Structures are given as C-alpha cells and as structure tokens.
Amino acid sequence: MPDNTERIEINTARGQERVPPGQYLVGDRWPVLTYGPTPDPDLATWTFSMDGLVENAFRVTWDEWREFPQVEVKADMHCVTSWSKLDNVWGGVPAKHLLSLANPKPEAEFFSAFCEGGYTTNLPVSELYEDDVLFATHHNGEPLSVSHGYPMRLVIPRLYAWKSAKWLRGLEFLAEDRSGFWEENGYHAYGDPWKEQRYSFSF
Ligand SMILES: Nc1nc2c(c(=O)[nH]1)N[C@H]1C(S)=C(S)[C@@H](COP(=O)(O)O)O[C@H]1N2
Ligand SMILES: [Mo]
C-alpha cells in the first residue's frame, strides 16, 4: 500500500534552549496526567463532530475517520506540572484537513474542545491553523493507549499539554471565548511554555 503520510518535524524550542524554563525531562518515561476517571471508549459508537459557527457542521464515525489523510509530527511535549518529554512522533489527521471540511465562519474566533468524560479546553481558532496541530491516533508508531487518549486526542505541541485534549469527541466554534476545565480552575487561557503561562493568577 502506498504510504501517503506527510511528515513534519517541529522545533518547539525557541532560540538556543531546547527545554522551556522550569521544566525537567522524563526521558523514555511517559507520565499519565488525567483529571478524574479514564473513559472506556467504544469504536462502534464513537463519533467526532465539528459544529457551532462553521459553514459545514459534520459528524463522522470511526470508519469514516480512518479514511482521512494522515500526517506525522515530531515534537516535544510540555506539561504545566513541569515534566517535558522530547521527540514524540505523533500520527493522525492534520487539523487543516478538518478545518477545510468544516470551514469555520469569520466570526468563529474561539473553539472549545470536548472529550468523552466531560473534559474541555479552549483556544483561539487561529491556533488550529498551525502546521503542527493534529488529531492523533498514534504515538511513536503505536496506537495510543487508553490512558493516553485512545482512540484519538488533540495535539497542540507548542502549548502546555493540558490543551492537548485526550479522548477528543469534537470541537465547537464560538464567537466568544469559553473557559475549559483547567482554564476555569486557574490555568492560563493560552499556555505558552516559553512564557511560563501556567496560571491566570500570580502567587
Ligand atoms: N480528556 C482529558 N484530556 C487531557 C487531560 C485530562 O485530564 N482529560 N489532561 C491534560 C493534561 S494536564 C496533560 S499534561 C496531558 C497529558 O497527556 P498524557 O496523559 O498522555 O501524558 O493531557 C491533557 N489532556
Ligand atoms: Mo498537564
């Protein structure tokens, strides 16, 4: 079978430094960070939807999802609790493909990502148009384990990893920003690791 996977290597480092301030490396370990119980996703009933302020709202099943074009993105991962994991190879569907299907309206400035289990996170829609953003089903060549987001998670490598929603089931496009789970609980609205945008308050 021809391999049409597009491959992108992203340097999440800024300037000389590889690791953002206040972060330590976990090496080959991959910690699990989940708030609350881990869901038990069922591919037979799984759907992914894009709705709200889009020209073409859609909902796809797992079989339809598997037909989408694939991308591989190599990038570092930075958790706000201070661990970083370097050189992750994520495989999945490029965000740009889903955006071209849904076609967000000009007034759609923000999105809210929602997950099985109820977790949410929010960002400006412009973040989704970056080349390194993908909807990942694979990590280092293996399907994601349930604890890391099986069957599919968002990956936004340039921001703290709480934005990379696991067990993702859809995006809703909005005119006004709407805080997600951690943003509601004091995390920063944007979360740039290089600016240490960890919390929305200062101690
Ligand atoms: N649905 C969901 N997604 C989530 C979380 C969560 O609790 N629920 N935790 C976030 C946080 S804080 C981090 S650091 C990363 C961790 O991903 P990992 O558990 O695969 O390392 O997932 C993010 N995505
Ligand atoms: Mo995190």
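Which residues does F111 touch, not counting residues up to four places away in sequence? Select F111 and look around: T121, N122, L123, P124, V125, L128, L154, I156, L171, E172, F173 and L174 are in contact with it. Keep in mind that this is a predicted model.

Now go to α2, residues 95-102, and pick out its buried residues: A95, L98, L99 and A102. They sit on the same side of α2, because the arc they cover around the axis is only 100°. Residues three or four places apart on an α-helix point the same way, since a turn takes 3.6 residues. Show what covers those buried residues and you'll get, among others, β6 (83-94) and β9 (134-139). Step just past the helix to find N103, with a positive phi of about 55°.

From here, bring up the strands. α2 lies across β3, β4 and β12, at about 55° to β3. Those strands belong to an open, mixed sheet of 5, ordered β4-β3-β12-β7-β8. β4 and β8 (120-124) each have a single partner strand, so one side of each has no neighbour in the sheet. On average, neighbouring strands are turned by 15° against each other, direction ignored.

Last stop: β7 and β12, an antiparallel pair joined by 6 bridges. Select C115 and you'll find L168 of β12 opposite.

Methods: Residues numbered from 1 in each chain as written. Chains lettered and ligands numbered in written order. Predicted model: local features only at pLDDT ≥ 70, side-chain atom pairs only at ≥ 80, totals over all residues. Heavy atoms only, no water. Buried < 20%, exposed > 50% of the residue type's maximum accessible area, 1.4 Å probe, protein only. Helix = DSSP H or I, 4+ residues; strand = E, 2+ residues; numbered from the N terminus. Arc of directions from axis to C-beta. Contact = heavy atoms within 4.5 Å. Pairing = 2+ DSSP bridges. Axes fitted to C-alpha atoms, helices over the stretch in contact; angles between N-to-C directions.
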